[in-house]
Amino acid sequence: MAAGMLNRQQLLSDKRLADLGGDQLDGPGNLSSTSRANQATLTVQGGVRDGMALLLTVTPLTLGREPSNDMRALDATASRHHAVIWRRSGRWMLRDLASTNGTYVNRRRIIGECRLHDGDVIRLARSVAAFQFAEPVDI
């Protein structure tokens, strides 16, 4: 593995993610609740994947250019490991992973982490996706 590259396990255990909430981190098992805010989607806006939606069922969800990410950015200006989305205490959170070209929510650059709200527009370098709460699915 090239210097500076992290695999998924290293990324998730990295010190930058150490304060994601530990035992408060919500996982896939909590997605069966009837609350609309318990499920969310990311929908790509623009580019070759325009309209592609991803139901967020895995947390933390890694975002970046590296193929090992859960959602891969096809944008060459996105960092290899650009950002992460997770649930903590019932809230959706986004953290920039010290990316080169920044992570933005509703056109504002975030430093560290921020809470996501229904309808937020997330930009990783030049890649854009809409964050939306999803209707619960009965299985």
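Buried means under 20% relative accessible area, exposed means over 50%, and partly exposed lies in between, with a 1.4 Å probe and protein chains only. The model is predicted, so local features need pLDDT of at least 70 and side-chain atom pairs pLDDT 80 or more, while totals for chains, interfaces and linings use all residues. Residues are numbered from 1 along each chain as its sequence is written, and side-chain values use heavy atoms, leaving out hydrogens and water.

Q: Why is F133 called partly exposed?
A: Its relative accessibility is 22%, which lies between the cut-offs of 20% and 50%, so F133 is partly exposed.

Q: What makes W92 count as buried or exposed?
A: W92 has a relative accessible area of 1%. That is under 20%, so W92 is buried.

Q: Why is the pair of W92 and F131 called edge-to-face?
A: Rings of Phe, Tyr and Trp (its six-membered ring) pair if their centres lie within 6.5 Å; planes under 30 degrees apart are stacked, over 60 edge-to-face, and the rest tilted. Here the centres are 5.9 Å apart and the planes at 65°, so the pair is edge-to-face.

Q: What kind of pair do F131 and F133 form?
A: Their centres are 5.8 Å apart with 75° between the planes, and this pair is edge-to-face.

Q: How do you know that the charged end of R87 sits over the ring of W92?
A: The rule asks for NZ of Lys or CZ of Arg within 6 Å of the ring centre and within 35 degrees of the ring normal. The charged end of R87 is 5.0 Å from the centre of the W92 ring and sits over it.
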